[in-house]
Amino acid sequence: MSHDSRTAPRICPLCEATCGLTLTIEGTAVTGARGDRDDIFSRGFICPKGASFGGLDADPDRLRVPLVRGDDGELREAAWGEAFDRIAARMPDLVKAHGPQAVGVVLGNPNVHTMAGSLYPPLLLGALRTRNVFTASTLDQMPKHVSSGLLFGDAHAIPVPDLDRTDHLLLIGANPLESNGSLCTAPDFPGRLKALRRRGGTLTVIDPRRTRTARLADRHVAIRPGADALLLAALAHTLIDEKLADPGPLAEHLEGLDELATALADFTPDAVAAACDVDADTITAIARDLVAAPTAAVYGRIGSCTVEHGTLASWLVDVLNILTGNLDRPGGALFPLSATARAPRAAEPGTRKAAPGKGFALGRWSSRVSGHPEAKGELPIAALAEEIDTPGEDRIRALVVIAANPVLSAPDGDRLDAALADGLDFMVSVDPYLNETSRRADVVLPPPPPSQSAHFDFAFNNFAVHNQVRYTRAAVPLEDGRMDESEIHARLILAVSGMHGAPPSAVDDLAVDTALTRAGAPKELAAGLTGESGPERRLDLMLRLGPYGLTLEQLLAHPHGIDLGPLKPRLTEVLRTRSGRVELLPDPIAADLPRLRRALGDRPAPLVLVGRRHLRSNNSWMHNVGSLTGGSNVCTLQIHPDDAARLGLADGDTARIESSGGGIEAPAEVTDTVRSGVVSLPHGWGHSRPGTRMSVAAAHPGANVNQLLDGTLLDPLSGTAVLNAIPVSVTPAH
């Protein structure tokens, strides 16, 4: 390190693990990144994405100033003032002429990786008053939100496996050695799984692919894709039928246990074996091993969510944790308590008695065209195109897209791309890149690189496997000509709400005032808040009102974080159902079980497609970092040798893949890591559309797997697009 170099701590914003980094900085350039050994959560762990922080931060393709579409139809660079003037001149008039439902909002995955993306979109939605909200959740985790809402009355009350203390971990549809974890924030997930094995614990992995995680397991079960809910139902049935179910202290908080037994009566191991392609003895053994372990946790993720019965599978994960007595138990599955949570102050977590709450409801409104019910205030993103290109009252005419690229990440990108090009009167994108979606915008507002932004994990601390809190300020000053991401969001809110020209601080002041009112706290508290910016003042308030009574000053005094202790039982604090109890068989779940029962007789398709994760990637937004390209991070069609021989494909041949939404081509990768009857393509590729400015991604475009989908197949309870277990045909390309 040169004499003019310095180091700065920074929480990595590139995946859900939230590892602590130590950045090496020369002048204002990040020249290196290593794991922060003093970080109280990650203890020095780093993955290839974190190590490439400097490359992503300095990507020359990142936009530096706004783009505005000129009279000639082309995007050109513009001053910040001109960009917001354009928004203020168009958006309020559109709402006045056509009503608030004429506006749609799309929120992408990167929003939960930034402070601004967490703090400001709720205020934007309040200002626009639109119900046309679409997020990446309906391509990923919405089934878990819905099942948690129905079980516990709170869609955000998601239990996580107590990785560091469990004796038996069952993973279904999850590959944390590649994903680093999801809805389970755990730096060094691989090390935690290895520690489980070292202490004599058991790891069971259910996955149609022999992933890196599966290779670490004591037992790997290569299930037929899409059959996750059937297998989980059979496990639950076995526990009940063999009288092994023992909720323990949970019993007094349960409602519907007898009804559950009746509802699952048909899902015997023998009945589901053929549909799952897992023999009945194996299913029975898994159930018995699960309940025999001193502690155990079942954890399911995207492979079990983005299927036809994703909500039922997510529900059954927690049913199993409940039946084995492992929900809300150390070593089982527990509810984290973040420093900014809206939770009552108590001497010990769990001391608040359970009481009836408002509960959770589905379908409070429906989408205009296909009548899809809302879930957690959102509509299926797969329905976005039809909401734009189908004529009629309340058609979406204007769109605000924040850190999202649905042309690649949602089904049938060709239709959506055409709708964005021809069906909108106005579109705003907040995005650092001119990508496949933002290229259609009338105004593009680029946030600065992550080194120039402060960081706090509002979302991921709610899923952390250990309670802790960390905050890092910007590692380098904001570059001349750039605008802080929080100010971009605040000015956008002012522009769309008819308050253009007001100071951005007005948005934060309103947020503080609203938070104090909701908490029943004295308004005088606002005067004592510290911080150098509106977001810091808001963070300070949330910490003060949170369960630990912390302050921003305390976080700044501990740059490597504050350890808040291991997860503790606190079910009674999170229950918000109308009954005040865990509702084991909610009406929407019971109504959907006949659909799962019919799947027992389905004939499997000869060949189905599943996705896969790459350690060196995070969906479409990290494909422009040169140091992360190549190696295993490639867009190939993995296919079993037997299927390849039958179809006349050799390794490296170009394969033609076709399904309901269309066809694509990709190089074949012949490998026995996928079971026969299954092919696999990664998500987020297809960087071949003209008009983008992502040179590295364009040089390695890959194929957009979502173009195989027409967007009509959804999990009905959550509106989540079915992205896995898709019937396909594969032939050699000609």
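These legends describe close-up views of one predicted model. Residues are numbered from 1 along each chain as its sequence is written, and side-chain values use heavy atoms, with hydrogens and water left out. Local features need pLDDT of at least 70 and side-chain atom pairs count only at pLDDT 80 or more, while totals for chains, interfaces and linings use all residues.

**View A. A positive patch on the surface.** Lys-194, Arg-198, Arg-212 and Arg-215 gather here in a patch of positive charge. Patch residues have over 30% relative accessible area and no salt bridge, and like charges are joined within 9 Å. Two helices, H8 (189-198) and H9 (212-216), each supply at least two residues of the patch. Helices are DSSP runs of H or I with at least four residues, strands are runs of E with at least two, and both are numbered from the N terminus.

View B. Lys-194 counts as partly exposed because its relative accessibility is 41%. Buried means under 20% relative accessible area, exposed means over 50%, and partly exposed is in between (1.4 Å probe, protein chains only).

**View C. The hairpin of E23 and E24.** Strand E23 (residues 654-659) pairs with strand E24 (residues 662-670) in the antiparallel sense, over 6 bridges. Two strands count as paired if DSSP finds at least two bridges between them. The hairpin has 2 residues between its strands. Thr-654 stands opposite Pro-667 in E24. Ala-655 has Ala-666 of E24 as its bridge partner.

**View D. E23 beside E29.** E23 also runs antiparallel to strand E29 (residues 729-732), joined to it by 4 bridges. Here Ile-657 stands opposite Val-730 of E29.

View E. Strands of a sheet pair through backbone hydrogen bonds, either parallel or antiparallel. In this open sheet, 7 strands follow the order E28-E21-E25-E22-E24-E23-E29, with mixed pairing. Strand E28 (726-727) and E29 stand at the edges with a single partner strand each, so one side of each has no neighbour in the sheet.

**View F. Gly-20 in strand E2.** Gly-20 is found in strand E2 (residues 20-26). At 2% relative accessibility, Gly-20 counts as buried.

Methods:
Patches are made of residues with over 30% relative accessible area and no salt bridge: like charges are joined within 9 Å, nonpolar side chains (Val, Leu, Ile, Met, Phe, Trp, Tyr) within 5 Å. Accessible areas come from the Shrake-Rupley method with a 1.4 Å probe; for residues, only the protein chains shown count as cover. A salt bridge is a side-chain nitrogen of Lys or Arg within 4 Å of a carboxyl oxygen of Asp or Glu. Lys and Arg count as positive and Asp and Glu as negative; His and the chain ends are not counted. The place of a charge is taken as NZ of Lys, CZ of Arg, CG of Asp or CD of Glu.
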